[in-house]
Amino acid sequence: MEHHSDAAAAAFDRHYQLHLKHLRLKGLQPKTVEAYSRAIRRLGDYFGQRIDALTEAQLVEYFSDLVESHSWSTVKLDLYGLKFYYEHVLKKPWVAPGLIKPPRSQRLPDIVTVAEADRLFLATRVHSYRVFFFTLYSMGLRLGEGLRLRVGDIDAARQRVHIRDAKGNKDRLVPLPRATHRMLQAFWLRHRNRVLLFPNRAGGQTGARTAESPLDRGGVQNTLRQVVAACGVKKTSRHTACATATPRI
């Protein structure tokens, strides 16, 4: 029995590594790669690492349990990750078409007003985070888009910013408000990193000049949660929209 278990684990590891290679070769975003690979790890844990010959009944059991403990977003990602695994790793047709049909819902994002944004900026004590939050807000950027900003993306002459690898792996240009431009200029003069607009601050002011990675995503998210809680800004949605593209400074 132990021999069979070891063999199943070895086969799972081989296929999992192949799954990762295919995910990267398809040029998927890092978040998608992580979500699809997490799906396979979760399935492996559930079925004792034997996931190469699952029946429709087993999939019904798995996703029924998953719906009870996770969001529909997670359920869909696990489904897409497993379908990718079947197509590119196992080279098998999908065994359960029409298995899942998430409920349709269209939720509008919560709006952060200018007054609320002002409170959030003032309550952010770490300067790099304050500039980062203001940049996201004033230009309507996603978190990852802001973290990926480089010095060369700023087109001061045309007052616009080149946003790279946005949603759907597409680039786009967004207007650069004058207030944001002034703030970014002053911020860059403090760290003078030749490449990154928001360099990692783990090494302090000196380390930021030569940092090769941007601000830590987790640190940014934790700081924002703390500031939002401290300011008493209550939003029910995960997604937050801007009330205006050019807030006061």
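**The second largest pocket and its surroundings in a predicted model**

By class, the lining of the second largest pocket comprises four nonpolar residues, five polar residues and two charged residues, where Ala, Val, Leu, Ile, Met, Phe, Trp, Tyr, Cys and Pro count as nonpolar, Asp, Glu, Lys and Arg as charged, and the others, Gly among them, as polar. The structure is a predicted model, in which local features need pLDDT of at least 70 and side-chain atom pairs count only at pLDDT 80 or more, while totals for chains, interfaces and linings use all residues. Residues are numbered from 1 along each chain as its sequence is written, and side-chain values use heavy atoms, with hydrogens and water left out.

The pocket has a volume of about 200 Å³ and is lined by Val-126, His-127, Ser-128, Phe-187, Arg-190, His-191, Pro-199, Arg-201, Gly-204, Gln-205 and Ala-208. Two or more lining residues come from each of α6 (127–139), α8 (178–191) and α9 (204–210). On a 1 Å grid over the protein atoms alone, a pocket is an open set of points where a 1.4 Å probe fits, with protein on both sides within 12 Å along at least five of seven lines, and lining residues have an atom within 4 Å of a point; grid points are joined across faces, edges and corners, and the volume is the space filled by probe spheres set on the points.

Helix α6 has 13 residues and reaches 18 Å from its first C-alpha to its last, close to the 18 Å expected at 1.5 Å a residue, the expected span being 1.5 Å times one less than the number of residues. The buried residues of α6 include Ser-128, Tyr-129 and Met-139, and the helix is followed by Gly-140, whose phi is positive, near 65°.

Overall, the protein has ten helices and five strands, assigned as DSSP runs (H or I, at least four residues, for helices; E, at least two, for strands) and numbered from the N terminus. The mean pLDDT, the predictor's confidence in each residue from 0 to 100, is 86. Among the elements, strand β5 (residues 240–242) has the lowest mean pLDDT (43) and α8 the highest (95). Over residues 236–249 the pLDDT is below 50, although this stretch has 37 contacts in the model beyond near neighbours in sequence, a contact meaning heavy atoms within 4.5 Å. Where pLDDT is low, the predicted coordinates should not be read in detail.

Notes:
Buried means under 20% relative accessible area, exposed over 50%, partly exposed in between (1.4 Å probe, protein chains only).
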